Amino acid sequence: MPNTARWAATLTLTATAVCAPLTGAAVAAPGPAASGLYAPSALVFTMGHGDTAATVTPERAVTLTCAPTASGTHPAASRACAELRAVGGDFDMLAASGDVKCTKQYEPVVVTVEGVWRGQRVAYERTFANECVKSTYGEAVFTF
């Protein structure tokens with residue numbers, strides 16, 4: 001093959017390699033591949049008496065899975081999942097119920113939540129003044 005033909009073939013292959021991604025078929029880049037039908041939402045709640053999770057022995061633990069359906073050992077799984085969906089999984093957005101009256105007795109209760117909410121890692125800890133106060137936040141999330 002003469003040199004001119006080699007150069008023409010090389011130039012054609014190079015142009016194809018460089019310009020092919022710019023054609024219409026390649027313009028619409030595919031989005032990220034879905035890892036599953038539902039984003040994972042599986043949480044473990046613990047509760048114990050004390051000031052911090054580091055010094056408390058968990059006395060109760062429940063699980064809560066919200067996708068594809070509400071399940072787990074949480075006593076009100078469906079309502080708890082609905083509440084978490086309403087606040088976008090932000091536990092600090094759960095408001096205290098105004099119609100429940102609790103004593104001002106200080107017996108601290110620590111609640112921890114570990115797991116995944118809609119594909120995002122969750123690590124939450126909160127200390128409540130007593131169990132009654134803990135149960136007033138949200139209607140179902142912390143009632144276990």
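**Overall architecture and disulfides of the predicted model**

The protein chain contains four helices and four strands, where helices (H or I, at least four residues) and strands (E, at least two) are DSSP runs numbered from the N terminus. The model is a predicted one, in which local features need pLDDT of at least 70, side-chain atom pairs count only at pLDDT 80 or more, and totals for chains, interfaces and linings use all residues. Residues are numbered from 1 along each chain as its sequence is written, and side-chain values use heavy atoms, with hydrogens and water left out.

Read from the N terminus, the elements follow the order α-α-β-β-α-β-β-α. Of the 144 residues of the chain, 28% are classed as buried; buried denotes under 20% relative accessible area, exposed over 50%, and partly exposed the range in between (1.4 Å probe, protein chains only). The chain exposes about 9,200 Å², of which carbon and sulfur atoms supply 60%; these areas were computed by the Shrake-Rupley method with a 1.4 Å probe, and for residues only the protein chains shown count as cover. Among contacts (heavy atoms within 4.5 Å) with a separation of 6 or more, 57% involve residues 24 or more positions apart.

Strand β3, spanning residues 109-117, has pairing partners in both β1 and β4; two strands are taken to pair if DSSP finds at least two bridges between them. With β1 (residues 42-49), β3 pairs in the antiparallel sense over eight bridges, and T112 of β3 is the bridge partner of T46. Strand β4 (residues 120-128) also runs antiparallel to β3, and nine bridges join the two; here F128 of β4 is the bridge partner of V109. A hairpin is formed by β3 and β4, with two residues between them, and R118 in the turn has a positive phi of about 50°. Strand β3 is mostly covered, with seven of its nine residues buried. In a regular strand, side chains alternate between the two faces of the sheet.

The largest nonpolar core comprises 25 residues, and L43, F45, L64, F91, V113, V141 and F142 touch the most other members. Such a core is a set of buried Ala, Val, Leu, Ile, Met, Phe, Trp, Tyr and Cys residues joined through side-chain atoms within 4.5 Å. At least two residues of this core come from each of β1, β2, α3, β3 and β4. When neighbours within four places in sequence are set aside, V141 is in contact with F45, H74, A80, E83, L84, F91 and L94.

Two disulfides are found, a disulfide being a pair of cysteine sulfur atoms within 2.5 Å. With bonded cysteines counted along the chain, the pattern is 1-2, 3-4. Because the torsion about the S-S bond of C66 and C81 is about -85°, the disulfide is left-handed. Both C66 and C81 are buried.

Another disulfide joins C102 to C132, with an S to S distance of 1.9 Å. C102 lies in the loop between α3 and β3 and C132 in helix α4 (residues 131-136), so the pair ties together parts that are 30 residues apart in sequence. The torsion about the S-S bond of C102 and C132 is about -75°, and the disulfide is therefore left-handed. C102 counts as partly exposed at 25% relative accessibility, and C132 is partly exposed with a relative accessible area of 30%.
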